[in-house]
Amino acid sequence: MGKAKPRYCEVCGAPIRGPGHRIRIEGAEVLVCDRCYEKYGGKKPGTFSIMPTGRRPVRRTYSRPASRPAPKPRTERPLYTEEIVEDYAERVYRAIQRSGKSYEELSHEIGLSMNDLRAIAHGHREPTIKEAKKLEKYFKITLIERAETEIEKKPSIPRDYEPTLGDIANIRVRKRKKK
């Protein structure tokens with residue numbers, strides 16, 4: 001005689017010890033473990049549903065404000081990117097030398113780790129924008145420069161344009177096989 005094949009709960013996937021329980025969930029009869037039976041099978045057989053049934057949702061009405069002010073037209077601001085200057089290491093190193101403080105003292109005052117501060121000053125690592133702003137503020141030097149970019153205008157679609165099937169669907173033409 002072989003061992004009985006273990007059965008698993010159809011809700012949580014745990015192995016079922018003992019006979020298990022059959023309950024109805026959403027109209028389907030499932031075999032569940034004791035824990036899921038306590039959780040989902042406490043009601044009359046065949047009445048449990050995860051989705052509420054037999055009652056209509058209450059419609060709530062909310063009063064709307066009298067009128068919203070008209071939205072302001074959006075003014076397009078020029079896009080810019082912030083970049084770290086190329087000689088950031090020299091500037092930071094000179095500023096550290098001018099301050100006359102140790103890396104440990106400066107790291108506590110600026111809010112960077114001592115290793116990060118040393119790596120930036122010796123040019124082993126480029127500072128992030130956030131780090132560069134901290135260094136700029138503390139040493140009163142410039143490490144970030146703004147590079148403005150031109151806004152490319154997208155071609156607009158005329159209002160009277162009606163799309164065709166070819167504009168919307170990606171149509172693939174299959175070659176027919178010769179018989």
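**Note on helix α3 and its surroundings**

1. The axes of α3 and α4 cross at roughly 105° and come within 9 Å of each other. Angles from 65 to 115 degrees count as roughly perpendicular, and α3 and α4 are therefore roughly perpendicular to each other. The model in which this crossing is seen is a predicted one.

2. The contact between these two helices involves Tyr103, Glu104, Leu106, Ser107 and Ile110 on the α3 side, which meet Met114, Leu117, Arg118 and Ala121 of α4. Sorted by class, the residues of this contact are 6 nonpolar, 1 polar and 2 charged.

3. Which residues of α3 are buried? They are Tyr103, Leu106, Ser107 and Ile110. Viewed down the axis of α3, these buried residues fall within an arc of 100°, so they line one face of the helix. An α-helix has 3.6 residues a turn, so residues three or four places apart point the same way.

4. The packing of that buried set extends beyond α4. The buried residues of α3 pack against α2 (88-99) and α5 (129-139) as well as α4 (114-121).

5. Is Ser107 buried or exposed? Its relative accessible area is 9%, and a residue under 20% counts as buried, so Ser107 is buried. Leaving aside residues up to four places away in sequence, Ser107 touches Leu112, Ser113, Met114 and Leu117.

6. At the end of α3, the helix is followed by Gly111, which has a positive phi near 100°.

7. A positive phi also occurs in a residue other than glycine: Lys140 has a value near 55°. Where does Lys140 lie? Lys140 is placed in the loop between α5 and β4, the latter comprising residues 144-148. With a relative accessible area of 72%, Lys140 is exposed, because the term applies to values over 50%.

8. Turning to the chain as a whole, there are 6 helices and 4 strands, and their pattern along the sequence is β-β-α-β-α-α-α-α-β-α. The chain has 179 residues, of which 21% count as buried. Among contacts with a separation of 6 or more, 47% are between residues 24 or more positions apart. The chain exposes about 16,900 Å², and carbon and sulfur atoms supply 51% of that area.

Conventions
Residues numbered from 1 in each chain as written. Predicted model: local features only at pLDDT ≥ 70, side-chain atom pairs only at ≥ 80, totals over all residues. Heavy atoms only, no water. Buried < 20%, exposed > 50% of the residue type's maximum accessible area, 1.4 Å probe, protein only. Contact = heavy atoms within 4.5 Å. Arc of directions from axis to C-beta. Axes fitted to C-alpha atoms, helices over the stretch in contact; angles between N-to-C directions. Parallel < 35°, antiparallel > 145°, perpendicular 65-115°, else oblique. Nonpolar A, V, L, I, M, F, W, Y, C, P; charged D, E, K, R; others polar. Areas by Shrake-Rupley, 256 points an atom, 1.4 Å probe, with all protein chains shown as cover.
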